[in-house]
Amino acid sequence: MMREKQSYAILDKFRVFAAVLVVAIHTSPLLSYSESADFFFTRILGRIAVPFFFMVTGQFAVAGFLSTKKQFYDVLQYVKKIALLYGIAILIYLPVGIYAGQYEKLGVWECVRMLVFDGTFYHLWYFPACIIGVLLVYGMGQFMRMPQMLAAAGALYVVGLFGDSYYGLVEEVPVVADFYGILFQICSYTRNGVFLAPVFLLLGAWIAGRPKRFANGNVRLLSLILLLSFLAMTEEAFLLRHFKLQRHDSMYVALLPVMYFLYEALLACGMLVSGKKQKRRRNTQVLARLLRTASTWVYILHPAIIVVVRGAAKVVKAESLLVENSLVHYLAVLAISLPVAFVIAVVLNAWKQEPFRRGRAWIELDRGALAANVGLLRSLLPPSCKLMPAVKADAYGHGALLMARELQKLDVDAFCVASVEEGAMLRKKGVKGEILVLGYTHPQQFGLLCRYHLIQTVIDHHYAVQLNHFGRKIHVHIGVDTGMHRLGERSENLDQIAAVYRMKNLVVDGVYTHLCVSDTDGRRDKQYTKTQAGALYQLVDALKAQGLPCPKVHLQASYGVLNYPDLAGDYARVGIALYGVLSTKEDTEKWDGLQPVLSLKARVATVKTLYQGESAGYGLQFTAKKDMKIAVLAIGYADGLPRALSQGVGHVLLHGQAAPIIGRICMDQTLVDISSVGKVRAGDVAVLIGYSGERQISACDLAEQSGTITNEILSRMGARLERMVVGV
Ligand SMILES: *Cc1c(COP(=O)(O)O)cnc(C)c1O
């Protein structure tokens, strides 16, 4: 399951380079020296910049919108972000535009055209193009698959080509010329969100989702093909210029292969780089974010800087150098644009800092551990058996939404929850895939099952009647009681179970049972488990014989997968093991491939001295035998720390040392003895579950000390704890 590490930092660097190219397009740096050289620089090389921006958007945004994981809401959020930038840019250029008389005598239609296609200033067309492109591609995604979408976007690109650099070929063709005549009434160019953006957005999205990278990321081979396609594009552009076919010059046939291979080559370089240096990731991330923001602002601001440079040149009477020498002009614009953009990026970055969430007590969730556990569990199961993680009880205290989102990234697309509300919450937050409600849903809430496309467990025959009576189609898995005697219709009641299939409003998607002694390996328990599995499969066969096939059959939870891997059905409803621990310390130690996902940490609120003979806490349970240092931690039983760990039972870790809990644990505070820990200050971090230095406290330790199982400790983690995913 280990994925190759991919670094995208190179894409962020290339964005800045692309922005520098865009500045070139608008300043024609080589014009003073050679018109052809300038044509090459700005109209050929420069033309890779904007498609590159579209491809990055495709890879990082559109790919998500097209996958099953996002909803229209997310698309709108994204569009809103771009629209906001566009709005700001419009305001920035309003004075310049007014001064230049651009907005005089505009009709309503011209205004719309300007806003939607051409941009209110010459370079601003990019923003509406991005919005229209994203919406168009999302729309296509609703009823097309990737190959069809690529074909459709390719067709639009061809229409665009004939309105752009190949216009000369169709200018005289009767009907076609009329078509373009009308088209140019609507938009002044074809390099916009309809004809140019979609194909590059989709290429980026396709690259993000494709199973195998081209030639396994062979940089040399990719560079060679890139070079050849770029030469072809150069040839193409000069030919078009020679025959004066161009109406505008931003679209070429060879631009498609150039962009594809350029992007692949960059990604392949990213693989090499990331293989070499993995350290200092955080700094790299911050830098990457700065580069990204800065490139956007170079793009937005450079035309204004051009105005400034021209103005300044006039004032200091240096026009012959600063304006008329095209190269100096270009460099001057860059010399101002780049630093200004970086300053803006730094300011925005500081302003957008995430709210501080490690203030009091919090949970850190280790992404790498989760991936390792998913990998381990999958490796025990045949490929036909899907994981259906149990994210009930807020994912055993880990945070259901956070976990579901992380699991989706690991290609998990089925979940089970205990209640209809838990399922509805996940759906509202955009979690896709199957969600099975394992527990009881009140008939008054059946509507939620339909609204949020949840699958309900049939608890027994009587419950099925109620579900059916609701009158709308409900998807169900039939719960079968094979010996736990909790939920489910008894396995021997074949007729009642068969009757569920015949209820006209119920769609039976699966049949399952739950094992109740799969965690222990006594002879009697093993036998019992076999009997349970036998009863389920006997039922399945009997149903089949009646012409009632079970689409999906499942019975394993965590211990079922670990102890009885050959019982694998179509799903494994894994809970506790997925979170990297097992119910007891002993079991957890036996399966040392599992890695705990959750750590629990809290701040030291204050440090004080307790003098000999003084007592502390509720009930004055603890008395100091000699003068000693104690620390007050900002965490209590309301945060899920079992009160049973009070006085002499539990301990926490501070600077890698054990600090015993003293007195009674309070609702929001806990006292610890720090006599054997070095220097402790207010604000230091105490570890209640997790590693500190070499030492570890596991959730299993807490369970053992407080006389329960790990599952209970985890699922009772408090709601007021901040939860955050960490790691790569
Ligand atoms: C909670 C639950 C699970 C998950 O159990 P784990 O032992 O945590 O893996 C699976 N199936 C059902 C019916 C459950 O209630």
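What volume does the second largest pocket have? About 800 Å³, counting the space filled by probe spheres set on grid points that are joined across faces, edges and corners. A pocket here is an open set of points on a 1 Å grid over the protein atoms alone, where a 1.4 Å probe fits, with protein on both sides within 12 Å along at least five of seven lines; lining residues have an atom within 4 Å of a point.

Keep in mind that this is a predicted model, where local features need pLDDT of at least 70, side-chain atom pairs need 80 or more, and totals for linings use all residues. Residues are numbered from 1 along each chain, and side-chain values use heavy atoms, without hydrogens or water.

Start by selecting Lys392, Met484, Arg486, His514 and Ala557: of the 36 lining residues, these are the closest to the pocket's centre. Next, colour helix H17 (392-396) and strand E6 (474-481), which are among the elements that give two or more residues to the lining; helices (H or I, at least four residues) and strands (E, at least two) are DSSP runs.

Now show the ligand, which sits in this pocket (more than half of its atoms lie within 2 Å of the grid points).
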